[in-house]
Amino acid sequence: MNELDLLTAITVFVLSVLIGVEVISKVPATLHTPLMSGSNAVHGIVVIGAMLIAAESHTWLGYVLAFVAMVFGAMNVVGGYLVTDRMLEMFKARPAEKKDV
Amino acid sequence: MDTVSNAVHYIFLGSAACFVLGLHLMNHPRTARRGNAISAAAMAVAIAATVWLVIHEGTITTTGWLVLVSGGLIGAALGLYAAREVKMTAMPQLVSLFNAVGGGAAALIAVNDLLQADHPAALGARVSLPGALDIVIGAVTFSGSLIAAGKLQGVVSGAPVVFPGARLLNVLLPASFVVGTVWLVLSPDSLVALYGLVAVALLFGVTMVLPIGGADMPVVIALLNAFTGSAVAMAGFVLNETALIIAGMLVSSSGGILTKLMADAMNRSIANIVVGGFGTGDSAPAAVAGGAAAQVRPVSADDVAIQLAYASKVIIVPGYGLAAAQAQHELGDLAKLLTDHGVDVSYAVHPVAGRMPGHMNVLLAEANVPYTQLKEMDDVNPEFPQADVALVIGANDVTNPIARKPGNAISGMPILDVDKAKSVVVIKRSMGHGYAGIDNELYTDPKTGMFFTDAKKGLSELKSAVGEFVG
């Protein structure tokens with residue numbers, strides 16, 4: 001892949017921080033836990049990096065590192081989104097009718 | 001860049017935009033779930049696009065495919081299991097665990113990239129500097145988050161663990177990061193520098209989190225969340241992937257904002273919390289001060305039930321003690337009974353109630369409490385003077401009016417103005433202290449009634465007593 005221009009990379013970095021601060025500061029305290037687990041799932045994008053290094057690995061050490069990174073990254077993505085959904089499902093405007101236990 | 005690579009990177013850009021949109025929709029409970037779904041769908045598309053890219057580039061070996069697919073499936077299965085089985089009270093541990101794996105994966109990417117380079121000695125600072133930072137931040141997050149999860153789970157002592165020389169070590173280790181990073185940048189092919197940096201960073205994660213008390217965990221988790229995001233962004237610099245930079249920095253700003261909010265809510269600086277020495281363990285000393293106990297007014301379930309049933313406005317103040325007693329559902333039932341009877345019920349949730357930012361809200365939502373009744377500190381404080389009854393359950397320091405006076409452990413900490421309510425009922429086991437270890441002036445206030453009981457048992461009694469009055 002082409003070398004990403006350092007200035008471009010840093011521009012993206014800085015703008016992402018500003019967007020993040022702008023968007024996140026509007027989230028109410030009520031939703032801070034789902035916000036945290038949801039953003040946790042977003043950093044699961046690291047799984048893409050793990051896939052790319054798995055594709056470039058040609059040594060045993062490389063394979064082992066890529067494998068562990070894949071396990072970690074996939075767990076992060078799948079677990080993060082599912083648990084966030086499970087939490088958000090519970091937030092209701094009106095109390096749900098009690099299920100029979 | 002060829003056509004496929006180009007197309008894939010446009011897809012990544014679209015996904016990144018959807019992550020921002022998803023986080024934006026989190027600004028209201030009504031839209032939050034949709035936001036999360038959009039973000040998840042964007043992630044799935046990005047992963048599919050990466051598979052396309054990997055196939056197209058064709059450098060992957062059969063073993064590489066095996067590694068990719070088996071690792072992905074095993075990780076997904078573990079994530080699925082964890083997300084399904086986790087109890088809401090254990091959410092901080094899980095988030096901490098996800099921080100650990102995210103940071104760990106980011107660090108591994110940098111290690112792998114430095115090892116796999118064809119001519120590592122020729123790597124410029126453009127790759128080796130973010131690589132070194134990725135390794136340091138990722139590895140610190142990995143071990144630190146595991147210790148934090150262990151503390152929350154009770155596997156590692158929740159009390160601050162201080163050993164001789166810990167402070168010195170916490171100065172020396174970061175200093176060695178600088179040395180190791182410079183070394184690695186100057187000679188990217190040095191395995192000693194690479195592995196040394198990993199080892200030192202892992203060690204620092206442990207020594208950084210061990211001395212921090214259980215009550216400070218909300219700050220620690222948020223801080224580690226910010227670290228993970230930065231580590232992922234650094235991995236983006238190493239791999240030349242802007243998608244990782246964008247997603248990583250979104251998470252990092254989220255973690256940063258939450259860290260600041262939590263620290264403000266405790267009126268302590270982030271440095272002060274990380275240095276440790278104030279927070280105590282999960283089990284605060286349950287010493288009963290005989291003198292203080294004599295001045296309080298004990299009340300019975302029936303007394304409280306009458307007050308609640310004839311109130312027009314009740315504000316409930318839940319603290320972590322409620323969750324520790326597993327009494328959220330009893331509380332939810334009692335509140336529903338009162339609401340159905342026409343009482344205006346709301347919950348005053350302090351930012352640090354629980355073990356992570358916003359934790360108490362999730363626990364109450366699980367107990368069927370509608371989110372419209374969950375109020376933030378700044379919104380609810382002006383309402384206390386109109387409240388006929390403020391019902392405090394398992395909260396202590398955040399209700400202590402002494403915080404408004406100078407010269408004590410919690411001076412200046414923002415508190416809920418419970419003492420301004422017309423009357424106050426505190427459900428508590430004993431006169432034990434909170435984390436700060438100081439007497440709560442609220443308990444000796446003449447308008448406060450102390451209902452000494454276990455939260456779960458007490459709330460069940462209240463529910464049946466109120467049921468008789470309103471039934």
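1. In which sense do E6(B) and E7(B) pair, and over how many bridges? The model is a predicted one, and in it these two strands run parallel, joined by five bridges. Within this pairing, Val424(B) has Thr448(B) of E7(B) as its bridge partner.

2. E6(B) also pairs with E5(B), again in the parallel sense, here over four bridges. Leu391(B) is the residue that stands opposite Val425(B) of E6(B).

3. The burial of E6(B) deserves a separate remark. Five of its five residues are buried, and the strand is thus mostly covered. Val424(B), Val426(B) and Lys428(B) point one way, while Val425(B) and Ile427(B) point the other way. Both sets are buried, Lys428(B) included. In a regular strand, side chains alternate between the two faces of the sheet.

4. These pairings belong to an open sheet of seven strands in chain B, with parallel pairing and the order E1-E7-E6-E5-E2-E3-E4. Its edge strands are E1 (297-298) and E4 of chain B, each of which pairs on one side only. Elsewhere in the sheet, E2(B) and E3 (residues 344-349) of chain B run parallel and are joined by four bridges. There, Ile316(B) has Tyr347(B) in E3(B) as its bridge partner. Helix H15(B) packs on the sheet and touches E2, E3 and E4 of chain B. The direction of H15(B) makes about 145 degrees with that of E3(B).

5. Which residues of H12(B) are buried? In this helix (residues 301-309), they are Ala301(B), Val304(B), Ala305(B) and Leu308(B). These residues lie on the same side of H12(B), because the arc they cover around the axis is only 100 degrees. Their cover includes the strands E2 (313-318), E5 (389-393), E6 (424-428) and E7 (448-452) of chain B. Helices H14 (328-340) and H17 (455-470) of chain B are also among the covering elements.

6. Chain B is divided into domain 1 (1-85), domain 2 (88-283) and domain 3 (290-470). Between the C-alpha centres of domain 2 and domain 3 of chain B the distance is 37 Å. The contact between these two domains involves 19 residues of domain 2 and 16 residues of domain 3. On the domain 2 side, helices H4 (91-116), H8 (217-239) and H9 (242-265) of chain B are the elements that give two or more residues. That side holds 15 nonpolar and four polar residues, and no charged ones.

7. The contact between the chains joins 96 residues of chain B to 83 residues of chain A. Elements of chain B that each supply at least two residues to it include H1 (3-25), H2 (29-57), H3 (62-85), H15 (359-366) and E4 (374-376). H4(B) gives the most to this side, with 17 residues. By class, the chain B side divides into 56 nonpolar, 32 polar and eight charged residues.

8. Chain A has four helices and zero strands, and its elements run α-α-α-α from the N terminus. Of its 101 residues, 60% are buried. Among contacts in chain A between residues at least 6 apart in sequence, 68% join residues at least 24 apart.

Terms used:
Residues are numbered from 1 along each chain as its sequence is written. Chains are lettered from A and ligands numbered from 1 in the order in which they are written. This is a predicted model: local features need pLDDT of at least 70, side-chain atom pairs count only at pLDDT 80 or more; totals for chains, interfaces and linings use all residues. A residue is buried if 20 or more other C-beta atoms lie within 10 Å of its own, exposed if 12 or fewer, and partly exposed in between; C-beta atoms are placed from the backbone. The arc is that of the directions from the helix axis to the C-beta atoms. Two residues are in contact if their C-beta atoms, placed from the backbone, lie within 7 Å. Two strands pair if DSSP finds at least two bridges between them. Domain bounds come from an automatic or database domain assignment. Ala, Val, Leu, Ile, Met, Phe, Trp, Tyr, Cys and Pro count as nonpolar, Asp, Glu, Lys and Arg as charged, and the others, Gly among them, as polar. Axes are lines fitted to C-alpha atoms, for helices over the stretch in contact, and angles run from 0 to 180 degrees between N-to-C directions.
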